[in-house]
Amino acid sequence: QVQLVESGGGLTQPGESLRLSCAASGSIQSIPAMAWYRQAPGKQRELVATITSGGTTNYADSVKGRFAISRDNAKNTVYLQMNSLKPEDTAVYYCNANVIASPYGLGLYWGQGTQVTVSS
């Protein structure tokens, strides 16, 4: 089985920064793509950022210029550096990965989520 474990959430003030991490473990052969999603109370889960194994990134318009996604392929880990945080960034953040694992083949996996709260 493949597991994704997130860390790095918490409570912070507007304008501050946080860095989220998500480590994948299991019988992993490769991870073609990884992403971060978020879900605020009463809202649908939305895509925040994606990154391929080659480093190509994409961002939601709401976080462009403030958030940066990166990954360490050797550690099967994806990061989300969040700067200039706003109260509207408050949400549970979920890690997501397309993983090729033995003997399961290609599968889509989710982490358990980590709470980010931005409040003064």
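Helices (H or I, at least four residues) and strands (E, at least two) are DSSP runs, numbered from the N terminus. The model you're looking at is predicted, with local features needing pLDDT of at least 70, side-chain atom pairs counting only at pLDDT 80 or more, and totals for chains, interfaces and linings using all residues. Residues are numbered from 1 along each chain as its sequence is written, and side-chain values use heavy atoms, leaving out hydrogens and water.

**Exercise 1.** Find where Ser84 sits, and work out whether Ser84 is buried, partly exposed or exposed.

*Solution.* Step one: look in the loop between β8 and β9, and there's Ser84. Step two: check the cut-offs, where buried means under 20% relative accessible area, exposed over 50%, and partly exposed in between (1.4 Å probe, protein chains only). Step three: Ser84 has 39% relative accessibility, so Ser84 counts as partly exposed.

**Exercise 2.** Describe the peptide bond from Ser102 to Pro103.

*Solution.* First, locate Pro103: the loop between β9 (91-101) and β10 (105-110) holds it. Next, read omega for the bond from Ser102, which is near 0°, and that's a cis bond. Most peptide bonds are trans.
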